[in-house]
Amino acid sequence: AGSVEPRKDGSFTVTYSAEGTARYAASLPSEIRLLAIFDGRQDERQMDEWTTPQFEALARAVAEKLLADPHADGVQVDIEPFRPAHIPFYAELGRLLRERGKISTGFIGVNWPEDVVRRMYQALDVIVLSGYDLEQPTREAYGAHLAKAIERHHRIALEVGGRTMVGVPAAGSWGEHEYTGVMMFPFGGSPLKFPLSRNPAG
């Protein structure tokens, strides 16, 4: 639904199609909640030297698009590669959406230090733990590695009052030993309710 094009000087371009979410929402049962996807690439590490005000300006631009879209109940952000320096963007975006009853989710890899993971749980309503790019030699090793990561993140989520979802890859890329289909399921707390409570028990 949306994309972010960041530049090293702190400027950016944000594009979004509310028409696309409207068409997709019309095809869904009324009880299904729609999260718009905002993706982007920063392969040249364009955002790594940004200041907090620059990250917050990007968050406001993304939030403005989402808050104006009545069909989007929130957002899933996938700006790759993720770096801890980007957390001010996620924190401000989460705050802006939460104030208006919309939810924020974002991808994170399985190997980040605990302090980084903890800050991301505090920034967003739901963390999507990536089961991608684990590069394990066998299906058994892949499963064990992912299971250990889920257990670790589940513990942190419970400690800080966050929620976890797990994205399992469906495409046949090297060394991931995927299963057919995509599974995303919540860990920690009750099923999601709207507006979303920061308390996983509520």
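**Entry 1: helix H5**

I began with H5, where the buried residues (under 20% relative accessible area with a 1.4 Å probe, protein chains only; exposed is over 50%, partly exposed in between) are Tyr142, Leu146, Ala149, Ile150, His153, Ile156 and Ala157. Seen down the helix axis, the buried residues of H5 fall within an arc of 135 degrees, so they line one face of the helix; the arc is that of the directions from the axis to the C-beta atoms. An α-helix has 3.6 residues a turn, so residues three or four places apart point the same way. On the other side of H5 I found Glu140, Lys148 and Glu151 exposed.

H5 covers residues 139-160, which is 22 residues. From first C-alpha to last, H5 reaches 32 Å, close to the 32 Å expected at 1.5 Å a residue; the expected span is 1.5 Å times one less than the number of residues. Just after H5, I noted Gly161 with a positive phi of about 80 degrees.

**Entry 2: ground rules**

A reminder to myself: this is a predicted model, in which local features need pLDDT of at least 70 and side-chain atom pairs count only at pLDDT 80 or more, while totals for chains, interfaces and linings use all residues. Residues are numbered from 1 along each chain as its sequence is written, and side-chain values use heavy atoms, with hydrogens and water left out.

**Entry 3: the whole chain**

I listed 5 helices and 8 strands in the protein chain. These are DSSP runs numbered from the N terminus, with helices (H or I) of at least four residues and strands (E) of at least two. From the N terminus on, the order reads β-β-α-β-α-β-α-β-α-β-α-β-β. Of the 202 residues in the chain, 44% are buried. Among contacts (heavy atoms within 4.5 Å) with a separation of 6 or more, 68% are between residues 24 or more positions apart.

How many of the residues of E7 are buried? I get 5 of 5 for this strand, residues 163-167. E7 pairs with E6 (residues 126-130) in the parallel sense over 5 bridges; two strands count as paired if DSSP finds at least two bridges between them. In this pairing Val128 stands opposite Met165. I also noted that E6, H5 and E7 make a right-handed β-α-β unit. Right-handed here means that, with the strands pointing away from the viewer, the path from the first strand over the helix to the second runs clockwise.

**Entry 4: strand E3**

Which side chains of E3 point to the buried face? In this strand, residues 35-41, they are Ala36, Phe38 and Gly40.

E3 pairs in the parallel sense with E1 (residues 2-6) over 3 bridges, and I found Ser3 opposite Asp39. E3 also pairs in the parallel sense with E4 (residues 74-80), over 7 bridges. There, Glu80 is the bridge partner of Arg41.

**Entry 5: helix H2**

Next I followed E3 into H2 and E4, which together make a right-handed β-α-β unit. H2 (residues 52-67) has 16 residues and reaches 22 Å from its first C-alpha to its last, close to the 22 Å expected. Its buried residues are Phe55, Leu58, Ala59, Ala61, Val62, Ala63 and Leu66. I checked what they pack against: E1, E2 (12-16), E3, E4 and helix H3 (87-99).

Leaving aside neighbours within four places in sequence, Asp48 is in contact with Gln42, Arg83, Ala85 and His86.

Gln46 lies in the loop between E3 and H2 and counts as buried at 13% relative accessibility. I found a polar atom of the Gln46 side chain 3.4 Å from the backbone nitrogen of Asp43. Beyond its neighbours within four places in sequence, Gln46 is in contact with Pro6, Arg7, Lys8 and Arg41.

Terms used:
Polar contact = N/O pair within 3.5 Å; in protein donor to acceptor, adjacent residues only side chain to side chain.
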